[in-house]
Amino acid sequence: MNRGVVYYILGRFLQSVMVLWIIVTLLFLLFRLAPSNPLASYIDINFTKQQEAALLARFGLDKPLGEQYLIYLLNLLKLDLGETFSYSGKSVMDILRADLPNTIYLTLSSLLLAYAVGVLGGIAMAALRGSAIERIGTTFTLMTRAAPQFWVGMLLLTFFAFQLKLLPSSGIAPAVVRYRWETEWDKLLSPVFWRHMILPTFTLALYLHGLPLLLMRSNMLEVLDQDYVTMSRLAGYSEWRVMIQTAARNAMLPVLTALTLGIGYSIGGNVVIEHVFSWPGLGRTLVRAVQQADYPLAQGAFFFIALIIVFMNFIADILYSLLDPRVGASAQAQVS
Amino acid sequence: MSRKLARISVIAALLALVMVAIVPVSSQDMGEVVPPIIVHSVTQAERPIEYETTRLVVENMRELGLEVEHRAIPWAQLIDEIWYSRVEGEGRAERPFQMTHWRMVGRPERSDPDEFTYNLFHSSVRDGGYNFVGYNNPQYDALAEAQRVEVADKEARLDLICEAQQVIRNDMVNAYFIHPLTPQVVNTAVFNPDSIVSQAGIGVHNFWTWIGIEPTTDDKTLITSTTSFLNSFNPLEIAGDAPSRVTEMTWDRLMRINPIGVAEPWAAESVVWEDPLNVVVTLRAGMTWHDGEAVQSDDAAYSFEAALAGTTQTDEEGNEEFRPEAPDYHPFARNVANIEIIDDLSLRFTLKTPSAAFETSSLAKLNLIPKHIWEPIINDLLTQDDADVDSIQEEIPIGSGPFKYVAFDVNEFVFLEAFDDHWARPKIDTWIMNVLPNQEATLGQIQSGEMNFLWEWPGDPGVLQNIVAENEHLDLFSAISIGFNYFAFNVRYAPFDDVTFRQAVAHAIPQQFIIDNIFNGLAAPADSFVSAALEYWRQCDDLPTYDYSIEGARALLESAGYSWDDDGRLQYP
Amino acid sequence: MQQDAMAREGQSGKPTARFRQGSAIRQLWETNLEVFQRDKMALFGLLIFAVFALVAILAPQIAPNDPLNPLKNNNGDWIKDAMPYWLAEPGEDEAEGYTNTFLLGTTNIGRDIYSQLIHGSRSALLVGFSAAAAVAVIGTVIGLLAGYYGGWVDTILMRAADVAFGIPFIPFIIVISAFFDPSIWNVVIAMALLLWRDTGRVIRSQVLVIKEQAFVSAARVSGASDLRIIFVYIAPSILPLSFLYGSFAIAWAILTEASVSFLGFSDPETISWGYMLQDAFNSLALSREAFYWIVPPGLCIMLTVMAGFFIGRGYEEVLFPRLRRM
């Protein structure tokens, strides 16, 4: 690794930190716009004005805006996101720490499934170019990208959960099972958990597979045009070997970058699916927190999602520059 | 010159004064159009039934010549715009609320009419308490106070309660329209239907069912769910309907409200009134806490002392204010003047004033908590300015009730198991409540058997009826609730300060239509804050009726001097 | 959006679009003509939009009933959960005191689903086109300025784009929708605030290429002002690119509006397809297997979104001919 690359990574890192800081500031300001009392979900309807004032003091909401902002930044550095209003005795971090793994399992499993299917499908589509199968396949993929995810989820639910009664309709497991889970490992080793994950994973993957498939297909078509592919064809290699070994390998790079970015964006986009399947993740918590006017919790969930996205954007940038030497640092801006 | 100037300024000042005096009057000048009205409700996504009802009533109000906006907002925000926006300038909303859909839920301690009679309408709780509509009627105040201390003569108290209902109905302070028939579904393939107890005004999801329900299979687990929040597991906090279900089983009480709505001794072996101010309570012998310690009279005494504990603080303006550490329970213990421990099992409560509702709303309300656990916690809280018991969550909650804690995951689930050493050990072994905000999921689970007791259903009741009809293993139970749904008017301001106007709006509420179409028949007509479920307290002469009739409403307005302009808009008299 | 941009650019370091020379209006017209002549799918997309636009404009005339007011039978009660007339059991309607003429049945409180579907096209198209216009205009202007001026203007605008890329889109819209009174314009505003990022970046990189070309230098030598060069000489060449992003933005906006409405953050007095699905979901249409209620709104969303995709791909194939199917 040469010095240029190290500088590049360092520069990108600092830039990401700056971006995060601006987002965090915007977030702070955004939540001052909230329509109801910041304590709305906390205050009991029996409270007196004095009790309210005491509460405002307890959450630091009586201080001037500038001071609140500083406290907020300092706390963020310590990953202290404050107390929730609607869950008594729990901090925002407690709630989010429980949600985060669930969101990650769902995101990763659906992305992996989507990219496996997408890459293979893309190769197949490229190999079958011009055929009726390709036309049907591509159209189907476009349809899955155009159909609202929650609607696909609803249809799958109706069919598999309500009509055939094959799969559970919501949550991650019944309480009878859940209370025995002491650690994340217990959860991951539980077949019940995986059964609950099937429908949401499949719904998400159905949507997500379109991007790698289309990307892989067009990359393949381009690579197949290149001289070195023609060369290996001439050298007498089987068509299969040409496809997989030569072409696919070269067409994979951008797909990998897309996967990295996909992790961040899926976590932000899972909100709706988590709602449909009552999946206890960051997205569901965010929606409920907003509905309950539990602003510290909503703010915390939002921050977490943004953090993951910025981090993944950073990783994608690095990957892109390391994997594809054709791209100089100046062209980075083009990779969103 | 200067004298002339002075005279002019005096005249000007006088004129200004007169103007100021006239303006409030002229704002309701003859013939002025009634300004636009905002009617609040929760959002459709949150509670479809309440949203649709409000929508219907708003449509009807428009036919009276009113300009009406239906403002549907989430519950948290609604509290802000109603509960905390009662008077001009106080609210966080731009102006005080005018009219809103509201509901009071049924709770066992509301089996005594005192809570609703006093708290909903007494002028002393107008500013911060439950009388958020701002009703202020000295004649009514007298009635509400009198029924409270009428301990000896139950019939005399009935007369007072009846009169109170008459006054409220006449004044149309709240437009009641239904008592829900809370629909509940039980899987009778795994439970004996005869062992399910229906409690008056509450339904089958009550303490007596939890301890009495008989499983008919080897799996002795009752699984239920809630669509709302399960955010605390705390004997000194009233956090909502679902947490209340949990606390009432984990912590015992001296008395409990029995299935017909009367308080009877429970953890107490006897409750003996020496006179209207003194009552001696004797505990059952041999009770233990879930950690094995014995339950004694000093625990019982401490349970009340904890609710009474608090600090007196002085604010910036020099006002002294008492801040209870358990603000939710403090009102129910407030009437206790002194507690005297007689021996290990008996104690004497001395009250400040005689109270007809003391058994129902205090002895049957406060949870018995172990002194050895809570005394250090409360003492610690007393030294802190800004924390109360709501911020406490015990690692392992300890009570003496028939169920004990196994696991609790905030807003996910509660897991309890039968306490073997309890003298009334439940017939089931485990009791589980899941949080399922998604109604579709709730339906899926009750049909598949994943859940076997559905106690709460905010959705379309018709769906539930269909499900039960289609599934042989499910039975529908429904009971008329103590609670009610109604439209609350802010009677402090025009146009709702006018009785006739409120009565006209009441005529615009299609009660029977709402019951038939929105509730699918699963509701009973309401005309008072005392539910038909509380039969004794409804033995009154007929209350005034307000039949649904737009013409009737318009005629009523016309007779009071209201008129309509050329565009058909309603004008003040 | 984000990922669609990736799909196009991923295959090589620098995509180069084809540019035409000649009068600004003519070249724009020719590009557009070429897109729809060459690509039957794009034409099909345009047709879908045209049909839905017609439906939206004529909605009150086409819709047999009011979309919000429940239908009533002869007794004045709501006609709840009526099946579509072609599925319902004959005679059932007369027994209940009404005549079943409902193409898609009624909701659980007796609203006509078919009429809702027709009225739903209004909010879909309104949100789709206004959000797309906002995104395309903002993105194009920012891309032009950043690309042309370079230096600190570029740095600031592109860092702003980085920030926009770091803000999670759906959560942002949820928060905005919850904080302001429910309205379909929340979605438009939130999209305009965030989604210019893709358009802005791509257009900037194209401007970097174009501004080195001879006709731009010529204009500069002849003394044209910066703004004139940007908007008269450069802008027409990159406008097809704005259209491309605009078409994808239509699709994205319709999907987003549907998601936000589905989560319950929309105005219940404005019928949209997403709202219909929310209503169906909360009214338990799934367990009732009321497919006639669940399927149509989703299909309409899918069709309009696909129309946006088709048109976008049409532009793509004309602008980036190497992508063309072989």
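## Terms and basis

Helices (H or I, at least four residues) and strands (E, at least two) are DSSP runs, numbered from the N terminus. The model is predicted: local features need pLDDT of at least 70 and side-chain atom pairs count only at pLDDT 80 or more, while totals for chains, interfaces and linings use all residues. Residues are numbered from 1 along each chain as its sequence is written, chains are lettered from A and ligands numbered from 1 in the order in which they are written, and side-chain values use heavy atoms, with hydrogens and water left out.

## Chain A

Chain A contains 15 helices and zero strands. Of its 336 residues, 59% count as buried; buried means under 20% relative accessible area, exposed over 50%, and partly exposed in between (1.4 Å probe, protein chains only). A contact means heavy atoms within 4.5 Å. Among contacts in chain A between residues at least 6 apart in sequence, 74% join residues at least 24 apart. The accessible surface of chain A is about 14,000 Å², and 68% of that belongs to carbon and sulfur atoms. Such areas come from the Shrake-Rupley method with a 1.4 Å probe, and for residues only the protein chains shown count as cover.

His275(A) sits in helix 13 (residues 271-276) and is partly exposed, with a relative accessible area of 21%. Leaving out residues up to four places away in sequence, His275(A) touches Asn438(B), Phe262(C), Leu263(C) and Phe281(C). Its C-alpha atom is 8.0 Å from that of Val287(A), twelve residues apart along the chain. Lys165(A) is in the loop between helix 6 (149-163) and helix 7 (175-178). Lys165(A) is exposed, at 53% relative accessibility, and has a positive phi of about 55° although it is not a glycine.

## Chain B as a whole

Chain B has 17 helices and 22 strands. Its radius of gyration is 26 Å, close to the 25 Å that the globule rule gives for 573 residues, so chain B is as compact as a globular protein of that length. The radius is taken over C-alpha atoms, and the rule is 2.2 Å times the number of residues to the power 0.38. Along its principal axes, the C-alpha trace of chain B spans about 95 × 65 × 45 Å.

Of the 573 residues of chain B, 60% count as buried. Within chain B, 69% of the contacts with a separation of 6 or more are between residues 24 or more positions apart. The accessible surface of chain B comes to about 21,800 Å², with 50% belonging to carbon and sulfur atoms. Chain B carries 37 positive and 89 negative side chains, and the centres of the two sets are 6 Å apart. Lys and Arg count as positive and Asp and Glu as negative, while His and the chain ends are not counted; the place of a charge is NZ of Lys, CZ of Arg, CG of Asp or CD of Glu.

A disulfide is a covalent bond between the sulfur atoms of two cysteines. Here it is counted as a pair of cysteine sulfur atoms within 2.5 Å, and the count is one over all chains. The partners are Cys162(B) and Cys540(B), with sulfur atoms 2.0 Å apart. This pair links distant parts of the chain, 378 residues apart: Cys162(B) is in helix 6 (residues 154-171), and Cys540(B) is in the loop between strand 20 (523-525) and helix 17 (550-559). The link is left-handed, with -80° about the S-S bond, and both cysteines are buried.

Ala494(B) and Pro495(B) are joined by a cis peptide bond, with omega about 0°. Pro495(B) lies in the loop between strand 19 (484-489) and helix 15 (499-507). Asp328(B), in the loop between strand 11 (320-324) and helix 10 (330-333), is buried with a relative accessible area of 3%.

## Sites in chain C

Ser242(C) lies in helix 12 (residues 226-262) and is buried, with a relative accessible area of 3%. Not counting residues up to four places away in sequence, Ser242(C) touches Ala136(C), Thr140(C) and Ile203(C). Leu284(C), in the loop between helix 13 (273-282) and helix 14 (291-319), is buried at 0% relative accessibility.
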